[in-house]
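Hello,

Here is the structure we spoke about. Please look through it first, then read the notes below.

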There are 2 protein chains.
Amino acid sequence: AAHGARKMEDYGRFLALLASALLVGFASVVLSLVWVFQYRGGLSWDGSEKEFNWHPILMVMGFVFIQGIAVIVYRLPWTWKCSKLLMKFIHAGLNTIALILAIVATVSAFDFHNASNIPNMYSLHSWIGLTVVILYCLQLFSGVAVFLLPFAPVRLRAALMPIHVYSGLTMFAAVIATALIGITEKIIFALSAFSYQKSPPEGIFVNCLGVLLVIFGSLILWMASRPHWKRPPEENAKILSPIGATPESTEAESTMTNSGNADKSDPRSNTEAARKENIKFDEAGQRSTM
Amino acid sequence: AAHGARKMEDYGRFLALLASALLVGFASVVLSLVWVFQYRGGLSWDGSEKEFNWHPILMVMGFVFIQGIAVIVYRLPWTWKCSKLLMKFIHAGLNTIALILAIVATVSAFDFHNASNIPNMYSLHSWIGLTVVILYCLQLFSGVAVFLLPFAPVRLRAALMPIHVYSGLTMFAAVIATALIGITEKIIFALSAFSYQKSPPEGIFVNCLGVLLVIFGSLILWMASRPHWKRPPEENAKILSPIGATPESTEAESTMTNSGNADKSDPRSNTEAARKENIKFDEAGQRSTM
């Protein structure tokens, strides 16, 4: 009973952090919209500064907020009854949306530069930002090829998993760092250094946007790195399946229970043993990261 | 034998990453010095821009490079034969040096602003930067009070450890993000936005410094988050101590071996049992993080 109460308390803490992250992330998107519409003349797609204005909005919405949700989507407790395969599709789908928005945002910056005869790729923001977009692309393709499609051998999955998790979290942090550089660059270009130094309302406003992005990133990274909030392993899938149901060949149904060694002494077929080993490796790959 | 070979290969990989991190970190310090002496007129302490020039140098040297070493110092394999207490002193000492350099660097920026009638605390860089300096201070004091001094109960240590590790890594990342904002701000103030956009040598040069900082941070965070590179637990301390040596009361000697349960059935005194529990909790605290 005490154990159950502690579990509920922990669940409540997760929900509180999730609600905070969603609130802060949503507020960041709103602030980026207010910045553009209140202070920067709104949106269009005509090579003007209004086309550039898509850049901060789509980056905050896609590359920060949606990527942040993608990072923690496996940890939402109510998804643990869904199959791992479905969750992989959702994880890959959210990251694909984030990537598309980031690419459109990048194009809007290049387009604006070209139309206004401003050089491209001169700034630290552009160097780090474009590198992250390219690496994010590679991460998405390698992730789909190795973890989502059924062809990769178990050992490759186990070997890639720690790198996949590390790259994902590091790129998420790098995107936020790049956004902070971008906000600073844009506010100085828009107001001049001298005006920014006098703390005008727009200066304070974009600083607040930057602070919200840092808080959002910190919340997501905390939630993503607590081992006890991981989706439970698939171990007991067969036992808890309805009688007569056949387990999937590459993806085991997950459950919300966690009584690890219940079927240790079961006699099992060769394919069952292989499935177990598969799970063990998958686990190894995941446990060896965060 | 195969196991031993794998261990050596893993050790070699750690050393290669460590060498890369030291090289990149050292190169960052050199680049910050070259920036200041080649392009920005050198150093002094007179309220001029030359006083401000201490800011990037001390931040890169102290808050990035030395903090980075402090983050991974427990993981250097040749320190595993040193007592945990000694390593805690070294960890706290390196962080204290980093903090002092960061504070002097902060003072140099305020001093320069005040002497030149430039407002303070108007920028996103200053908001995030000062917040991190204050939080870093709190982290150092709470770390010394709870983990270094012998007064804190074991349960408090176990509860604080995941937060301590998370805050440490997050602040390290935030310091690098803040440095990137600072580099961008300074180069635009120094050259004007228009000149920076034409990719002059100084612009390219500081972008390279920023890229090096990102690579240094990524290497340190990778090394700090591999579970198999953790300092091994203290479990076997007593067995492997020379005959007649008494184990320390709060700190157990560590060893490089790892055969966890060798002395499970030993009869033991009450204080010995307490020491074991202490270790178990300490472990729990550490394992529950990265």
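**Rings and charges**

Lys84(B) lies over the face of Tyr74(B), 5.8 Å from the ring centre. In chain B, Arg226(B) also lies over a ring face, that of Trp222(B), at 3.7 Å from the ring centre. A charge sits over a ring if NZ of Lys or CZ of Arg is within 6 Å of the ring centre and within 35 degrees of the ring normal.

This is a predicted model, in which local features need pLDDT of at least 70 and side-chain atom pairs count only at pLDDT 80 or more, while totals for chains, interfaces and linings use all residues. Residues are numbered from 1 along each chain as its sequence is written, chains are lettered from A and ligands numbered from 1 in the order in which they are written, and side-chain values use heavy atoms, leaving out hydrogens and water.

The whole structure holds 16 aromatic pairs over all chains (rings of Phe, Tyr and Trp, the latter by its six-membered ring, with centres within 6.5 Å; planes under 30 degrees apart are stacked, over 60 edge-to-face, the rest tilted). One of them is Phe14(B) with Trp229(B): the centres are 5.1 Å apart and the planes at 80 degrees, so the pair is edge-to-face. Phe14(B) is buried, at 1% relative accessible area, where buried means under 20%, exposed over 50% and partly exposed in between (1.4 Å probe, protein chains only). Trp229(B) is buried too, at 5%.

Phe65(A), Phe172(A) and Phe216(A) form one aromatic cluster.

Regards
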